[in-house]
Amino acid sequence: MYYHEVLIADSQYHSKAPLTYSFERKLPANSVVSVRLKNRLVTGFVTTHVSKPNFSVKPIQALLSGQPLPAHAFKLAEWLSDYYACELSAVLRQFAPSSLTTGQLDELAELPAIQTDIDLDSPLTAEQKKAINFIDNYKGTTVLLHGETASGKTRVYLELVKTSLKRGKSSIILTPEIALTTQLERAAKQKIKADIYVLHSQLTPSSRRKIWFSILTANRPVLIIGPRSALFAPVADLGLVVVDEAHEPAYKQEQTPRYHAVRTASQLGIISGAKVILGTATPAISDYYLASQKSAIATMQGAAKTSQKNLPILVVDSRDKANFSRNSYISNKLIDEISTTLSLGKQSLIFYNRRGSARLILCHHCGWQDICPNCDVPLIYHGDLHKVQCHICGFKKNPPTVCPSCGRSDVIYRGIGTKTLAEIVQKLFPAARIARFDSDSPSGQRLNEIYDELAAGKIDILIGTQQVAKGLDLPNLARVGILGAETAFTLPDYTSEERAFQLLYQVAGRVGRGHGDGMVIVQAYTPDNPAIKQAINRDYLTFYNHMLRERKAYNWPPFCYLAKLVCRRASPAGAERAAISLKASLAAQGLPVQIIGPTPAFYARRGKYYYWQLVIKAKQRSHLTQLAKSVPAGWSIDLDPIDLL
């Protein structure tokens, strides 16, 4: 009998120390095993062989594969645990296969194929060749591929994958949306002769497990496509990691470990020797700044599809009522353009970043407002359900017919959401086939399914929120209307202007991608807002320089590092006391940091709990991790948060 120390890959194990188990033969380091933790079956990784201990031990239940986990995986796990100040066991869970419950393997889930704009037969453009040459010759690890929408970034990715495969190295391509994995898989299968694996959360646990072990035991280079968790696939001999649409907030995990895939991918490249590519038309301000410091930016300015270079963009001033003589929400110009588009058999997209049917429910007489009893935020009216609902805790009730404060029937519904907007559009264009997609869409309806219907010509007008502002190609899309362009600017966060710019830029980039003429109509109450102008003029560098001055003046990233600490308590007084106490404790450590707060969180009440937070700024990130390790249980710790809301 042999004895082995095993690291437990389970979030319910709260120790860095390995546990000792027995096995009938000696196992190599990094072996993937199944062990019992109390009465549960969990995954573990063998670290070393040890002498027989002087206490009783449980046996290893099974050796799950004859192929050990690649050594770079453990180095990355240790880095994640230290960099994000979280338990190693929670990190290792990211590297483990799916649930170990036994059962029949399901067939791999297939997602509908989506139209792709990648021309795989045409020769590379001069800019694509220049970008590939820059990346191949760059001596560092991470390169920012700053490519205009429709400039052909995906083609560059696939050419780099081909080169990596020829060198006997595997590749990973990350996407922010599962729908984008389908597009990439389809393109890759046309261009690349290799085993291609797609990993995402919509696979059954048994399917994910089957793919995981196929990757682990692969005896030749492979290509892996998936969202952020694909970074932890057990791939050996890694040569390339691509983070597509690298600006997307979906790359930040909001549960422990709260890693960011961009930073993690760069570290994986350092550990494994792989080249890392961050591809986007609208880089995060901090990413562009860091890349510029290292001269690590490859630029593709001209669109591979030339029709987007001179795309007409019209700004409609929402303050001028003459522009809205036919409808209060949709301008005369947008109505006319959609009518023309329909007559030509083309498609339109209306972007409006507001869910629901009405934003506010209030009494016109006394000013009473319908507020969630659990969260202290306005309830939203959903006309299709005839319910008012909280978008934080899910509380629902019937809408009020009289004011509960003054008893009068002067209850009004102010503002609209995508549901009401869809009803308005249907009345304006009764013969049109209209679809809506946002996070209120029916359960099980996936973004890729909507795009599949669009690509097949089954939808004339799509109405959606930020979920439609992704890097997918719609060959029949001719018009994009953007309503309330300044909506995102009003959020009280240092990233709100950046995120609004990215959304406007990306939404406008859905049209004019080489399939015919296109137009973008932007409705705005502040048409002279510099960020709006820069987004619709596709002037990233002017916006970047503006934001960099702002960030430097107020000491925000990239000129500092951030940590957000949030506590949850049963009463507001309890949350405030905990926050005041922690601030005093952290300040007493004497580190050169700035502690902001304590203040109530942006959503100060969620359900039955109250939330308070501290924000810490530091010039050295190590000071934040040092403080984070002293934070008591009951606090959430978010290092490098993507926002402070």
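## Aromatic pairs

Two rings of Phe, Tyr or Trp count as a pair if their centres lie within 6.5 Å. In this predicted model, the structure holds 17 such aromatic pairs. A pair of aromatic rings is described by two values, namely the distance of the centres and the angle of the planes.

The rings of Tyr83 and Tyr84 provide one example. Their centres are 5.0 Å apart and their planes stand at 80 degrees, so the pair is edge-to-face; the cut-off for this class is an angle over 60 degrees. Both Tyr83 and Tyr84 are buried.

The rings of Phe501 and Phe543 give another example. Here the centres are 4.0 Å apart and the planes are at 5 degrees, so the pair is stacked, a class that takes planes under 30 degrees apart. Phe501 belongs to helix α12 and Phe543 to helix α14, which covers residues 540-554, so this pair ties together parts that are 42 residues apart in sequence. Phe501 is buried, as is Phe543.

## An aromatic cluster

Phe501 and Phe543 are also members of one aromatic cluster, together with Tyr288, Tyr505, Tyr540 and Tyr544.

## A charge over two rings

Which rings have the charged end of Arg621 over them? One is the ring of Tyr83, with the charged end of Arg621 at 3.3 Å from its centre. The other is the ring of Tyr84, where the distance from the charged end of Arg621 to the ring centre is 5.5 Å. As described above, Tyr83 and Tyr84 form an edge-to-face pair.

Is Gln506 buried or exposed? Gln506 counts as buried because its relative accessibility is 2%, and the cut-off for buried is under 20%. The side chain of Gln506 is joined to that of Thr282 by a polar contact of 3.1 Å.

## Cysteines without disulfides

How many disulfides does a search of the whole structure find? The search finds zero. Cys403 is accordingly in no disulfide, and the nearest cysteine sulfur, that of Cys366, is 3.6 Å away.

Terms used
Residues numbered from 1 in each chain as written. Predicted model: local features only at pLDDT ≥ 70, side-chain atom pairs only at ≥ 80, totals over all residues. Heavy atoms only, no water. Buried < 20%, exposed > 50% of the residue type's maximum accessible area, 1.4 Å probe, protein only. Polar contact = N/O pair within 3.5 Å; in protein donor to acceptor, adjacent residues only side chain to side chain. Disulfide = S-S within 2.5 Å. Phe/Tyr/Trp six-rings, centres within 6.5 Å; stacked < 30°, edge-to-face > 60°. Helix = DSSP H or I, 4+ residues; strand = E, 2+ residues; numbered from the N terminus. Lys NZ or Arg CZ within 6 Å of the ring centre and 35° of its normal.
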